[in-house]
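Work through the exercises below with the sequence and the coordinates open. Each task is followed by a solution in steps.

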Amino acid sequence: MSARAGEERILSTQDMATAPSTPAEVDAFLQAKLVDESPLLARVRARSAAAGLGADASSPAEGKFLALLTRLCGARRVLEIGTLGGYSAAWILDALPQDGHLHSLEIDRATAAVARENLALVDPEGEGARWTVETGPAVKALHQLTWTRQAPFDLVFIDADKASTRVYLEWALRLTAPGSVVVVDQVIRAGVVRGAETEAASSGAVSQAEARGMAEALELLHTDPRFDATALQTVGGNGWDGFAIALVTGAAAPGSVAQRVNVEPMRPETVRGALEVKNLGWRQTFERYIADGWLDAMDSRLDQDVAAWLTALKRPGNRTRTAVAVTEDGEVVGMASAAPVLEESDRLATGAKWELFTMYVARAWQGSGVARRLADAVLGDEPALLWVLEENSRAHAFFEKLGFAPDGAREELPEEWSGAHDIRMVRRA
Ligand SMILES: C[S@@+](CC[C@H](N)C(=O)[O-])C[C@H]1O[C@@H](n2cnc3c(N)ncnc32)[C@H](O)[C@@H]1O
């Protein structure tokens, strides 16, 4: 036997002698070997536990998983539902880029105060800029988030009252975009998710409402084509549980809102609504790129813009094609316009006849199929081109699905865009 082989045998004997034997011990072992919980994160965990907020918190291995996921998704905007003492939030915050933001929702005021103190340890200057803990019932906050400029979130972590998980998943769909990732914690709950006959449910360890909430959540993840999901079981310091992870696909919902939205040419009565959707779309998409004040100036000229569009629509020989998406209630939720290619050089280089000039869909209808219907209404399947912000990868992915591809042309935008570029995308015959 070689000395090396002997060494290996001795090592494996030692390992076996100290082999961890329970899931909790393996968790501790993995934490020591792999997780690299920083002293700061360990402090957050200890402070949460000291405040009586340790029991329901993520484990260090779960925290590290969330941090890795944040980085794997390249997430900049993260939404957490259920903050507790801020331990999972601290891991996510630690993994976010400098210009990222974590918005975490917590119903309990005293708990949220502990979380704020803890997150201030991780990022002392970041409250409001890189992190926010909002106090109140999550559903109320989620509703308000649809009207702010924070969505779409790249990553959503659902970890609050388990009975409402299905509801939170529905909100996650409204507040994300295709490509976003949604994680739901504690979906297994010692197996109750399979049905009420299991031991944990009959022992009362998990309430019927929680068990039902998780079963409904998994059902939604399975049946709604806007999610593509799986779930993994975990054992460890926090017992037998697991999490579900889902990709937001961009498919239309069953019985979709898109089907209840009428797509029609713009009429005088829908011009204002269309321009409001456009202006909000500009804000949500371009705020980071365009000079301060520019978007405010655009909003303050809304009346003039409405008048100009009304005049243009009536002009004889006007070849602009317009489309608006209007709900049953008459609310405009999307708009698009296309016209014959403006620049001769674009037409010669691409052979396209039509150029897509505007295309905006209100956030709640993004991913519902409305955008595709608008594009079809103004372009059909004709060869076309469009110019789109180089950094707007979501828009690139959407137009690629419609058959457009970048053709290599790139142009610097006017000076108020501080050096940003547009690229040209073309759909050929
Ligand atoms: C499982 S703990 C969160 C653990 C935390 N994410 C972590 O991993 O460290 C669930 C939290 O959700 C909060 N919560 C429960 N119902 C809520 C609601 N309706 N709205 C917002 N937060 C809620 C609870 O107060 C509790 O702090």
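The protein has 429 residues, of which 38% count as buried. The model is a predicted one.

**Exercise 1. State how many helices and strands the protein has, and what share of its contacts with a separation of 6 or more comes from residues 24 or more positions apart.**

Solution. Start with the secondary structure: there are 16 helices and 14 strands. Then take the contacts with a separation of 6 or more; residues 24 or more positions apart account for 68% of them.

**Exercise 2. Give the strand order of the open sheet of seven strands and identify its edges.**

Solution. Step 1: the order is β8-β9-β10-β11-β12-β14-β13, and the pairing is mixed. Step 2: β8 (262–264) and β13 (405–412) each have a single partner strand, so one side of each lacks a neighbour in the sheet and these two stand at the edges. Step 3: from one strand to the next, the twist averages 25°.

Step 1: inside the sheet, β10 and β11 (residues 354–361) run antiparallel and are joined by seven bridges. Opposite Met335 stands Tyr360 in β11. Helix α15 (residues 370–379) lies across β8, β9, β10, β11 and β12 (384–389), at about 30° to β10.

**Exercise 3. Decide whether Pro340 is buried or exposed, and list its contacts.**

Solution. Step 1: Pro340 belongs to strand β10 (residues 332–340). Step 2: count the other C-beta atoms within 10 Å of Pro340, which gives 12. A residue with 12 or fewer is exposed, so Pro340 is exposed. Step 3: leave aside neighbours within four places in sequence; Pro340 is then in contact with Arg319, Lys353 and Trp354. Step 4: Ala384 is 44 residues from Pro340 along the chain, and their C-alpha atoms are separated by 9.1 Å.

**Exercise 4. Describe how α4 meets α5.**

Solution. Step 1: the axes of helix α4 (residues 60–72) and α5 come within 8 Å and cross at roughly 35°. The crossing is right-handed. Step 2: the residues of α4 that take part include Gly63, Leu66 and Arg71, and those of α5 include Tyr87, Trp91 and Ile92. Step 3: by class, this contact has six nonpolar, three polar and three charged residues.

**Exercise 5. Which residues come nearest to the ligand, and how does its shell divide by class?**

Solution. Step 2: α5 (87–95) and β2 (101–106) each supply at least two residues of the shell. Step 3: the shell has eight nonpolar, five polar and five charged residues.

Note on methods. Residues numbered from 1 in each chain as written. Predicted model: local features only at pLDDT ≥ 70, side-chain atom pairs only at ≥ 80, totals over all residues. Helix = DSSP H or I, 4+ residues; strand = E, 2+ residues; numbered from the N terminus. Nonpolar A, V, L, I, M, F, W, Y, C, P; charged D, E, K, R; others polar. Buried ≥ 20, exposed ≤ 12 C-beta atoms within 10 Å, placed from the backbone. Contact = placed C-beta atoms within 7 Å. Axes fitted to C-alpha atoms, helices over the stretch in contact; angles between N-to-C directions. Left-handed = near helix turned anticlockwise from the far one by under 90°. Pairing = 2+ DSSP bridges.
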